[in-house]
Structure formats: structure tokens, C-alpha cells
Amino acid sequence: MPADLEHIRQVMREADCLYTEAELEAAIARVGKEVCATLADRNPVVFCVMNGGLIFAGKLLTHLNFPLEASYLHATRYRNETRGGDLFWKAKPEISFIDRDVLIIDDILDEGHTLSAIMDFCHHAGASAVHTAVLIDKQHDRKASPDLKADFVGLPCIDRFIFGYGMDYKGYWRNAAGIYAVKGL
């Protein structure tokens with residue numbers, strides 16, 4: 001069933017802008033410096049978690065001034081819905097990372113079920129260390145584990161349904177040049 005484009009447009013018109021493009025770009029530059037300080041000498045494999053991590057990963061990679069291998073993986077719990085379900089692998093990593101550091105780049109650390117499953121996969125597949133970078137860390141007490149924290153965080157975010165800079169609302173607005181919160185969610 002095609003999306004109701006008027007509803008999709010209305011969501012954007014009514015949304016609250018939480019972070020502007022300039023604020024996001026500054027946060028990404030800072031995260032880039034932090035990643036360089038930690039991983040520049042480690043020959044890491046860098047994985048973008050699709051689709052949400054695409055914009056953050058693309059922008060972050062330009063700040064990483066050291067040799068690395070870049071690839072992607074695709075695991076999701078949302079499937080264009082606003083609530084997560086079971087983890088579904090659409091594409092597992094194809095580059096070997098046995099005995100190498102891995103950096104997983106994702107859009108958001110919300111409850112963390114997807115990120116935890118990806119981290120476990122990398123550890124069990126032979127990574128020597130697994131690091132995580134997220135653009136947004138949603139602030140609430142529903143994390144998969146109280147100890148779950150990303151190694152590199154762009155910005156914190158209030159507990160609302162957000163979209164933009166890679167994150168979507170029902171499959172739309174990943175392209176929004178800012179982070180927006182859906183009215184009422």
C-alpha cells in the first residue's frame with residue numbers, strides 16, 4: 001500500500017527541529033576526531049548499519065584520515081514501522097574482520113537491541129575489538145542493558161520519535177537536513 005504522502009508532508013510541517021544541520025555537522029566533526037584518536041593505528045574495518053547509518057557514516061568517513069576498510073551491513077527491527085520487532089538480517093558483513101578492530105556506525109542508540117546483536121555477531125565472528133559510533137543517543141531507561149553505551153556519540157536526544165539525517169518516519173524523511181521529532185510521538 002503506497003504511503004499517504006500528504007500525511008508524510010504534514011509530519012514534517014508539524015515536527016519539532018531538535019538539531020540543525022550545523023549542529024549535526026559540528027558533532028560529526030568532533031566524533032571524527034575522537035575516532036581518529038582511538039583507531040588511527042589499528043587498521044579497522046568500518047561497517048555502516050544500513051539504512052539509517054548511511055548519512056552519518058558517509059559524513060563521518062570524510063573525517064577519518066587513516067587507512068581503513070569500509071563496508072556495510074543491514075540489520076533492522078523496524079521495517080518501516082514506528083515500533084521495533086525481532087532482529088532481521090538483510091545483509092551480513094562480507095569483509096573478514098577476524099583479529100581486527102571493528103567500528104560499527106549507526107544512526108541511533110535507542111533501546112540498543114539491534115546494536116547489541118550486531119556487536120555480538122562481530123565478537124563471535126572473530127573481531128579483536130568492537131567499537132560503536134552513533135549520531136544520536138536517545139535518553140531513557142529502556143536500554144537493552146544498563147551497561148550498553150556507544151563508544152562515540154554525536155548528540156544526546158530526548159525520548160521522542162525522531163527522523164532525519166538517516167533516520168526515517170515510515171520509510172520517509174531520512175533525507176531531512178536536521179533531526180526532527182514527530183508531533184505527539
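Reply: D16 stands opposite A181 in strand 9. The model is predicted, so local features need pLDDT of at least 70 and side-chain atom pairs count only at pLDDT 80 or more, while totals for chains, interfaces and linings use all residues. Residues are numbered from 1 along each chain as its sequence is written, and side-chain values use heavy atoms, with hydrogens and water left out. Helices (H or I, at least four residues) and strands (E, at least two) are DSSP runs, numbered from the N terminus.

Strand 1 and strand 9 (residues 178-181) run antiparallel, joined by four bridges. Two strands count as paired if DSSP finds at least two bridges between them. Both belong to an open sheet of three strands, antiparallel, in the order 1-9-8. Strand 1 (16-20) and strand 8 (162-163) are the edges; each has a single partner strand, so one side of each lacks a neighbour in the sheet. Helix 2 (residues 21-39) lies across strand 1 and strand 9, at about 40° to strand 1. Such angles run from 0 to 180 degrees between N-to-C directions, with axes fitted to C-alpha atoms, for helices over the stretch in contact.

Back to D16. Its side chain forms a salt bridge with R160, with 2.8 Å between the closest N and O atoms. This pair links distant parts of the chain: D16 sits in strand 1, R160 in the loop between strand 7 and strand 8, 144 residues apart. A salt bridge here is a side-chain nitrogen of Lys or Arg within 4 Å of a carboxyl oxygen of Asp or Glu. D16 is partly exposed, at 36% relative accessibility. Buried means under 20% relative accessible area, exposed over 50%, and partly exposed in between (1.4 Å probe, protein chains only).

D16 also touches I179. Contact means heavy atoms within 4.5 Å. Beyond its neighbours within four places in sequence, I179 contacts C17, L18 and Y19, among others; the list also includes L24, I136, I162 and F163.

I136 and I179 touch the most other members among the 30 residues of the largest nonpolar core. At least two residues each come from helix 2, strand 2, helix 3, strand 5, strand 6, strand 7 and strand 9. Helix 2 gives the most, with seven residues. Another core of 18 residues lies apart from it, with V49, F97, M119 and A127 among its members. A nonpolar core is a set of buried Ala, Val, Leu, Ile, Met, Phe, Trp, Tyr and Cys residues joined through side-chain atoms within 4.5 Å.

Strand 5 (residues 101-109) and strand 6 (residues 129-138) are parallel, with eight bridges between them. There, I104 stands opposite T132 in strand 6.

Helix 3 has F56, A57 and L60 as its buried residues. Seen down the axis, they fall within an arc of 95°, so they line one face of the helix. That arc is taken from the directions from the helix axis to the C-beta atoms. Their cover includes helix 2, strand 2, strand 5 and strand 6.

V153 is partly exposed, at 24% relative accessibility. Residues up to four places away aside, V153 touches R30, V31, V134 and D137.

Finally, charges again. The whole structure has ten salt bridges. One joins R100 to E69, whose closest N and O atoms are 2.4 Å apart. R100 lies in the loop between strand 4 and strand 5 and E69 in strand 3, so the pair ties together parts that are 31 residues apart in sequence. R100 is buried, at 15%, whereas E69 is partly exposed, at 35%. Shared partners also join E111, R142 and D159 into one salt-bridge network.
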